[in-house]
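Visitor: Can you walk me through a structure? I'd like to go piece by piece.

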Amino acid sequence: MTQTDSARDFDHAIKDDDIERAKLLLGLDAPTSIDEFLRQATPDNIRNFAWGYGDDNPLFADPDYGVHTRWGGQIAPPMIMSALSRKMLGDPIPDDIRKATRGLFSGVHMFVSGQHTEWFRPVRPGDELFGFGGLESIEEKTSEFAGRSIIRILRSVRVNQHAEIVAIARVILIATERKQSRERGKYMKIQPATYTDEQIAEIDAIYAAEGPRGSTPRYYEDVQVGEQLPKMVKGPLTLTDVICFHAGGYGFGPYGIAGARIGYKNRQRVPKFYIKNAAGIPDVAQRLHWENEWSQSIGNPMAYDYGVMRECWLTHYVTDWMGDDGWLIRQHDEMRKFNYIGDTSFITGEVVAKRVENGNAVVDLEFRATNQRGEVTAPATATVALPSRELGPVRLPTPDEDLARKAVAMMQRHNELSGKSGR
């Protein structure tokens, strides 16, 4: 689902010229030129990020706990890459291509439908992350329901200060010709969720039974195909949850949210991101995640969560299950439906395969978030490396050699431009 839908008209058709111009960007990597809210990992902001989406795993939250694990210290939860990053200096896309691709798919309905992420190294206190990426693929599809659509895969590579690849995220961005008139009001019949004391008690019972596996190894040999994973719950979703997620560090960096004078300066920088509310006060379009009135004005019955928040929940489900000695190699997730304020997400899953991959004993999981209406809002799959009595402890996966060399070259260029080269 989109993170910052606006009320603009989405009735424009996809143009052949836009598709051809977009192809000019294929294979071109450029540095990520923004600072996220968190610019360096510290024990506190690692803990606060985890707590921000409700994860109390001591491996992430307690600096002293990690000393006694295989990691030798505190590490960050997988999705911290969404909130931790520094501006990378480097050579931009060639000016002729930048000009030729300006205004791509203008006026066309655009949404993020999911993400495929791979992790290669843990983030530790003191680490900084930098990023680069670009368009990896573009595909055209046609269907009776959505008409013509364009599916783009945007690859984002996160590297640490040592030029080591930490994670690679591939975001699925879809542009469709679906008419706005078909979309607006589609969800308005959905009623806010309400709960009895008995229903809250049932949710609380799931919370009470949850918890990270911790230091007890989950050995590959003990896991069976078809095994059901424990149930996890997230919700009922409240405005407090959204506030806590932001307080943990998620700031949606390209636009930024801030108060008073800093907010004023940001409004001068990105004026189109600020839309007046009913009182005539300019406020961020992003407020559809906490302001029902604004969300309703663009066709939703109430405010809703961030897709990234649900991705954090899904990784939380996996890291709780695998224990301290496991490693989440990759996760693929899709945001199929909105998750509104008041909704409760029940996460369930199962083991679907076991095998050896690059010297690791790995298991494949299928899991999903299902709301109280019985709708699957976020299906996902993951591959997890587990310790093995036969093969030994988990080995960290290695990225593609060509991409690893590119990461080194990008960081060298960053250091040159920042004056750090040769130090």
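Guide: We can take a helix, a strand, the aromatic pairs and a loop residue in turn. This is a predicted model, where local features need pLDDT of at least 70, side-chain atom pairs count only at pLDDT 80 or more, and totals for chains, interfaces and linings use all residues. Residues are numbered from 1 along each chain as its sequence is written, and side-chain values use heavy atoms, with hydrogens and water left out.

Visitor: Start with α7. Which residues are buried there?

Guide: Helix α7 spans residues 239–247, and its buried residues are Val242, Phe245 and His246. Buried means under 20% relative accessible area, exposed over 50%, and partly exposed in between, with a 1.4 Å probe and protein chains only. Helices (H or I, at least four residues) and strands (E, at least two) are DSSP runs, numbered from the N terminus.

Visitor: Why are those three on the same side of α7?

Guide: They cover an arc of only 95° around the axis, which puts them on the same side of α7. The arc is that of the directions from the helix axis to the C-beta atoms. As background, an α-helix has 3.6 residues a turn, so residues three or four places apart point the same way.

Visitor: What do the buried residues of α7 pack against?

Guide: They pack against α2 (43–52) and α10 (307–322), where contact means heavy atoms within 4.5 Å. On the face turned away from the buried side, Ile243 and Ala247 are exposed. Just after α7, Gly249 has a positive phi of about 130°.

Visitor: Now β12. How many of its residues are buried?

Guide: Nine of the 11 residues of β12 (residues 376–386) are buried, so the strand is largely enclosed by the rest of the structure.

Visitor: And which strands are joined to β12?

Guide: Strand β9 (residues 327–334) runs antiparallel to β12, with six bridges between them. Strand β11 (residues 360–371) is also antiparallel to β12, joined by 10 bridges. Two strands pair if DSSP finds at least two bridges between them. Trp327 has Ala385 in β12 as its bridge partner, and Glu366 stands opposite Thr381 in β12.

Visitor: What's in the hairpin of β11 and β12?

Guide: Four residues lie between the strands, and Gly374 takes a positive phi near 85°.

Visitor: Are Phe338 and Tyr340 buried or exposed?

Guide: Phe338 is buried at 7% relative accessible area, and Tyr340 is buried at 1%. Tyr187, Tyr304, Phe338 and Tyr340 form one aromatic cluster.

Visitor: Last one: where is Asn339, and what does Asn339 touch?

Guide: Asn339 is in the loop between β9 and β10 (345–357). Asn339 is buried, with a relative accessible area of 1%. Not counting residues up to four places away in sequence, Asn339 touches Leu237, Tyr304, Asp305, Arg310, Trp313 and Ser345.

Terms used. Rings of Phe, Tyr and Trp (its six-membered ring) pair if their centres lie within 6.5 Å; planes under 30 degrees apart count as stacked, over 60 as edge-to-face and the rest as tilted.
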